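Please examine the structure shown below.

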Amino acid sequence: MAVLSIDTSAAVGVALVADDGSRLAARRVDERRRHAERLAPMIADVLAEAGLTRADLTAVVAGTGPAPFTGLRVGLVTARTLALALGVPVWGVPSLDAIAVEAVADLGLTPGDEVLVATDARRREVYWARYRVRAHEGPRGVPVVETVAGPDVGKADAVAAAQDPAAPGARLVVVGEGAALYPDALRSPALPADVMAGDVMAGDVMAADVMAADDAPALPDAAVLARVALQRRAAGQELPTEPLYLRRPDVQEPVRRAATTTGGA
Amino acid sequence: MAADPLVLGIETSCDETGVALVRGNELLVDATASSMDEHARFGGIIPEVASRAHLESMIPTIQRALGEADVDLSQVDAVAVTAGPGLVGPLTIGSSAAKALAVGLGKPLYGVNHVIGHACVDQLVHGPFPERVMALVVSGGHSSLLLVDDVATNVTELGSTLDDAAGEAFDKVGRLLGLPYPGGPHVDRLAREGDPTAIRFPRGLTARKDQAEHAYDFSFSGLKTAVARWVENEQDAGRPLPLADVAASFAEAVVDVLTAKTIAACRAHDVDTLVIGGGFSANSQLREKAAARCAEAGIELRIPPIRYCTDNGAMIAALGSAVVRAGVAPSSLDFGVDSSMPLTTIHV
């Protein structure tokens with residue numbers, strides 16, 4: 001029995017986890033355009049690697065973004081349709097949540113610490129959300145975070161400028177691809193000095209280059225996404241798979257040409 | 001697989017989410033959700049708006065089709081989906097859903113050509129095609145003349161539009177005349193009250209010099225410009241526009257070329273059955289002129305009812321069914337959609 005998890009918010013990630021959250025198989029390709037070509041074969045691959053068949057799947061999990069639209073939808077429509085075909089539930093988890101949860105585990109963050117997740121929104125903007133750690137190891141061994149701001153989309157420097165400092169004694173870390181893409185905005189010198197309230201590790205943890213080089217996650221891990229979903233389901237939460245677009249379609253209503261004619265109908 | 005496999009077809013090339021079930025040439029159900037109302041105020045299809053609607057409509061439309069046909073997904077033998085041509089964003093939703101169904105059901109997947117589906121759907125209405133048929137596919141996105149020897153394996157494109165599709169020309173002229181979007185049906189309604197011989201608009205690519213290279217190709221861009229110029233001249237002269245006559249004469253120019261070239265192609269290739277498909281085959285002047293000219297030439301004319309001429313899942317399930325029965329190998333799970341899929345590609 002296993003849960004299949006899909007994230008197409010940036011690259012294409014697929015994982016199979018057991019009901020206890022342990023990773024059975026996983027695949028990730030750094031493909032940013034052809035999500036629809038890569039995803040389905042990867043699902044077949046993880047099933048084969050784990051020695052499972054589709055009948056062994058008990059649920060499907062999908063990252064709901066925020067993310068560039070076309071790739072995001074590939075993951076969501078695949079998860080929903082696969083769940084329909086298998087007759088199992090489908091659960092959605094914001095992709096940024098998976099990055100935050102993984103950061104808590106990887107960086108040893110503790111209750112009260114905060115995580116600013118920033119990912120690539122293209123058009124020189126980032127998708128972002130800010131989280132506060134509730135538990136380093138919550139139910140089922142998975143960290144628990146609460147969202148304190150976002151998810152939203154904006155220019156990196158505007159996002160940085162809008163951040164309040166963490167509580168005294170707490171740390172604020174910036175993770176995700178956005179931190180690496182816009183280091184001038186999303187690394188310590190650009191954020192107000194008191195954002196890194198407390199003194200422990202602030203300089204180290206804050207710097208984008210440390211994030212990129214070390215253990216900090218840059219992309220959502222589909223296995224973590226599945227663990228978060230299982231934890232939240234166990235807590236009775238609803239997990240809708242509505243996409244977090246955060247942007248409206250780029251369209252303008254035309255000014256209607258006045259009928260300049262007479263006669264006819 | 002059974003002799004007559006049950007094929008589920010998914011169509012998402014533009015603004016309609018279509019799901020249908022076909023067994024052999026029998027249509028069990030055809031369910032469609034449309035986002036047209038959301039596009040009308042923009043005066044054209046907005047791909048991102050259509051893509052969002054496809055994502056939200058996919059599961060409900062599949063469920064509606066299954067419910068109405070009283071079929072369980074486990075009974076489906078194969079999944080067919082539009083692989084192109086069309087809008088990339090919308091196509092991607094359909095192909096992803098179809099791949100997920102194929103993986104989830106453990107059944108083969110067939111990515112097929114939307115335009116050829118427009119011809120193939122007629123088999124669900126009028127029965128199997130005879131050995132060789134001519135197909136004219138006309139819509140807001142396509143105007144193609146196809147010689148069909150075997151709809152699953154052997155289709156030859158004799159000609160197509162070099163610029164605007166027939167339906168597109170109608171939408172543009174509709175806008176020119178101040179009619180609501182989409183202009184096609186409005187121009188058609190107006191044209192019925194007008195005199196198609198009132199104004200002699202040009203017939204594209206019918207000159208002798210065009211016959212060598214473009215005998216069966218179409219061009220409607222020059223016609224649209226001619227209508228615009230004519231309207232301008234009348235307005236400059238301060239004369240009231242005879243809207244109905246303009247619409248009727250414009251439609252006559254489009255329909256005259258479409259039918260004349262199609263009949264000529266039938267004669268040249270010794271074909272005595274003509275199939276017309278695509279959303280523009282709803283046009284009343286096209287239906288009347290095609291019927292008259294086919295009768296005159298001794299050609300059997302097959303036009304499916306209008307609900308099968310617009311984009312729908314039935315056309316894709318129909319072509320999928322034909323392809324499966326022809327023994328064609330299934331598509332690979334990694335196929336990509338092709339927004340400008342050529343008509344030489346029946347399936348991927």
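The second largest cavity has a volume of about 30 Å³. A cavity is a set of points, on a 1 Å grid over the protein atoms alone, where a 1.4 Å probe fits but cannot get out, and its lining residues have an atom within 4 Å of a point. A volume is the space filled by probe spheres set on the points, which are joined across faces, edges and corners. This is a predicted model, in which local features need pLDDT of at least 70, side-chain atom pairs count only at pLDDT 80 or more, and totals for chains, interfaces and linings use all residues. Residues are numbered from 1 along each chain as its sequence is written, chains are lettered from A and ligands numbered from 1 in the order in which they are written, and side-chain values use heavy atoms, with hydrogens and water left out.

Among the residues that line this second largest cavity are B:Leu136, B:Leu258, B:Ile276 and B:Cys294. Helix α10 of chain B provides the largest share, 4 residues, while α10 (243-268), β9 (273-277) and α11 (284-297) of chain B each supply at least two. Helices (H or I, at least four residues) and strands (E, at least two) are DSSP runs, numbered from the N terminus. The lining has 7 nonpolar, 2 polar and no charged residues; here Ala, Val, Leu, Ile, Met, Phe, Trp, Tyr, Cys and Pro count as nonpolar, Asp, Glu, Lys and Arg as charged, and the others, Gly among them, as polar.

In total, the structure holds 3 cavities of 30 Å³ or more.

Pockets come next. A pocket is an open set of points with protein on both sides within 12 Å along at least five of seven lines. The largest pocket holds about 1,100 Å³ of space. Of its 39 lining residues, B:Ser139, B:Gly140, B:Gly141, B:Asp171 and B:Tyr181 lie nearest its centre. Helix α6 of chain B gives the most to this lining, with 6 residues. By class, the lining comprises 13 nonpolar, 16 polar and 10 charged residues. Both domain 1 (6-121 + 312-325) and domain 2 (131-306) of chain B contribute at least three residues to it.

How do these two domains of chain B meet? The centres of domain 1 and domain 2 of chain B, taken over C-alpha atoms, are separated by 27 Å. In this chain, 16 residues of domain 1 are in contact with 16 residues of domain 2, where contact means heavy atoms within 4.5 Å. The area buried between them is about 1,200 Å², with carbon and sulfur atoms giving 78%; buried area is the accessible area (1.4 Å probe) that two parts lose on being put together, summed over both.

The two chains also meet. Here 45 residues of chain B are in contact with 38 residues of chain A, and the area buried between the chains is about 3,400 Å². The rule finds 2 salt bridges across this interface, a salt bridge being a side-chain nitrogen of Lys or Arg within 4 Å of a carboxyl oxygen of Asp or Glu. One salt bridge joins the side chains of B:Glu48 and A:Arg73 (2.9 Å, N to O).

How values were computed. Domains from an automatic or database assignment.
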